[in-house]
Amino acid sequence: MRLVLAQMKHETNTFSPVPTPLARFGHGRDLPWEGREAYEEFKGTGTALGAFIDVAERAGAEVVLPIAAQAWPSGRVAQDAYEAIAGKIVDAVAKGCDAVLLDLHGAMVTERYDDGEGELLGRIRRVAPKIPIGVAHDMHANLFPATGRCATALAGYQTYPHVDMYETGARAALPIISFLEGKAKPVLAFGHRPMLPHVMRQSSLDSPNREIQQRAKDMEKAGALCASFFVGFPHADIPHAGASAVVVSDGDADLAKRYCDELLDMAWAVREKFVYQPENLAVSIRKAKDINAKPVVLLDHYDNCASGGTMDTTAVLAAILEARLEEAAAFAICDPQAVARLREAGTGASVSLPIGGRLDMPSLGLKGKPLAVAGTVKRIVEGQYRNEGPMARGELMDMGPTAVLDTGRVEIVVVSRQVEPFDIAAFRAVGIDPAAKRYLMLKSRVHWRAGLGALAQAVIECAGAGVCPSDYSQLQFKRLRRPVYPLDDM
Ligand SMILES: [Zn+2]
């Protein structure tokens with residue numbers, strides 16, 4: 001048994017000004033991991049690709065791993081980057097295999113294609129019309145019909161924060177192995193509802209998504225091979241952004257369809273609970289001042305780099321400095337030029353400089369606003385670390401050359417590459433103990449809860465600025481299918 005395994009992951013925010021060349025998939029190098037290197041990088045990790053490797057090896061299969069490419073969310077993927085990644089996967093399949101297992105995000109948009117994953121699956125189907133294809137998707141997939149039609153089995157994360165990447169990989173792979181062994185006949189149903197669940201309301205730790213994901217898990221216990229509800233990724237101006245579901249049954253098309261409809265109906269019935277109203281930033285900061293417990297998380301949710309944020313907007317940090325909040329740490333501002341200046345000055349030096357605001361955000365009509373800060377260079381590090389978990393355990397993170405500037409009240413982490421602080425190792429890498437701080441500014445929305453949620457004594461959601469605004473009226477949708485809730489009355 002010869003299996004082609006591959007990873008092609010990108011969540012595309014079509015409003016983001018951050019470019020997505022091939023090098024962004026390279027973890028600090030110019031190119032994604034390929035072949036043996038990809039295998040060694042992902043074997044033993046808590047990722048879908050890590051699970052594919054384990055499942056394939058347990059089945060005694062020969063593993064072909066042409067490429068493992070993933071990049072932090074950003075703007076449309078450069079077409080040559082897409083062609084390079086998709087080309088490697090299709091070439092490997094064309095050489096002959098018994099099945100394909102793909103670790104795909106599900107919300108990739110390229111310069112030419114609104115549906116990067118559907119395009120890839122269509123190309124695979126053209127060179128290998130009959131082979132089974134198993135797909136693992138992020139819960140933020142924006143599912144297009146092409147994927148539903150081409151995949152043999154498809155499983156999405158059932159947790160947000162995504163702490164079940166490995167389990168999802170196994171859920172997608174096992175039906176394919178069973179099919180090859182003649183033990184199962186996967187039948188797939190998919191569907192949509194015209195709704196954009198708000199990211200700040202999507203966590204599976206909270207209602208209403210908790211109950212929907214639990215129902216999907218119960219369906220799997222009751223006999224479905226995979227049951228997945230996708231909350232979708234709303235910061236993408238493409239026809240199929242929003243909620244969808246996929247259920248795979250063993251030979252029972254009616255059951256797959258019935259379960260799929262049930263998940264979608266559950267979500268539609270509670271659509272009002274997926275709506276979020278942001279609060280004025282000044283009000284949020286005042287509230288934070290009055291809290292006595294520590295640490296208090298100040299969530300800079302308009303600029304989450306894991307939703308395509310530039311990670312360099314300064315509105316929330318400016319408000320923290322202006323309010324003179326003390327014993328604070330800010331993770332992080334992405335500004336490679338500022339890092340270079342801080343490194344040049346050296347540890348212990350007193351420095352005044354502008355940070356952040358390098359990138360304009362033309363899709364929102366916003367200009368980047370650098371923030372003037374002054375302080376002491378406390379630490380300089382190279383910026384690589386491995387996640388301790390529970391999310392993406394073992395995966396290499398690379399924030400590039402990094403510096404910590406201490407203003408006396410706030411330790412500001414300045415990074416060279418975007419990275420969302422969802423793992424305790426991010427703080428360890430810069431020598432900050434988050435539990436000892438009174439305030440933690442995090443550029444994140446939900447994933448921080450994976451590794452830091454247990455620390456937080458209070459959470460204040462801070463509406464700053466950025467290309468993943470929580471006020472959806474700031475987004476100019478032109479190509480999204482309409483009507484869609486809650487942008488339209490439904
Ligand atoms: Zn996601």
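Predicted model: local features only at pLDDT ≥ 70, side-chain atom pairs only at ≥ 80, totals over all residues.
Strand E11 (residues 296–300) and E20 run parallel and are joined by 5 bridges. Val 297 sits opposite Val 459 in E20.

## The largest pocket

The volume of the largest pocket is about 900 Å³. Its lining counts 50 residues. Nearest the centre lie Arg 24, Ala 71, Trp 72, Pro 73 and Gln 418.

E16 gives the most, with 3 residues.

His 162 lies in the loop between strand E7 (153–156) and helix H6 (165–180). Its relative accessible area is 1%, under the 20% cut-off, so His 162 counts as buried.

Two polar contacts tie the His 162 side chain to other histidine side chains. One, of 3.3 Å, goes to His 140. The other, of 3.4 Å, goes to His 447. Beyond neighbours within four places in sequence, His 162 is in contact with Asp 138, Met 139, His 140, Tyr 157, Met 391, Ala 392 and His 447.

## Helix H2, an enclosed helix

Helix H2 (residues 48–58) has 11 residues, and 9 of them are buried, so the helix is largely enclosed by the rest of the structure. The buried residues of H2 are Ala 48, Leu 49, Gly 50, Ala 51, Phe 52, Ile 53, Asp 54, Val 55 and Ala 56. After H2 comes Gly 60, with a positive phi near 75 degrees.

## Ala 189 in strand E8

Ala 189 belongs to strand E8 (residues 186–192). This residue is buried, at a relative accessible area of 11%. Its contacts, leaving aside neighbours within four places in sequence, are Ala 245, Val 246, Val 247, Ala 256, Lys 257 and Cys 260.

Tyr 259 is 70 residues from Ala 189 along the chain. Their C-alpha atoms are separated by 8.7 Å.

## Backbone points to check

Two cis peptide bonds are listed here. One runs from Phe 331 to Ala 332, with omega near 0 degrees. Pro 486 is in the segment after E20.

Met 311 has phi of about 65 degrees and lies in the loop between E11 and helix H10 (315–322). Met 311 is buried, with a relative accessible area of 0%. Glu 327 has phi near 50 degrees. Glu 327 lies in the loop between H10 and E12. With a relative accessible area of 40%, Glu 327 is partly exposed.

Terms used:
Residues numbered from 1 in each chain as written. Heavy atoms only, no water. Helix = DSSP H or I, 4+ residues; strand = E, 2+ residues; numbered from the N terminus. Buried < 20%, exposed > 50% of the residue type's maximum accessible area, 1.4 Å probe, protein only. Polar contact = N/O pair within 3.5 Å; in protein donor to acceptor, adjacent residues only side chain to side chain. Contact = heavy atoms within 4.5 Å. Pairing = 2+ DSSP bridges. 1 Å grid on protein atoms, 1.4 Å probe; cavity = no way out; pocket = protein on both sides within 12 Å on 5 of 7 lines; lining within 4 Å. Points joined across faces, edges and corners; volume = space filled by probe spheres on them.
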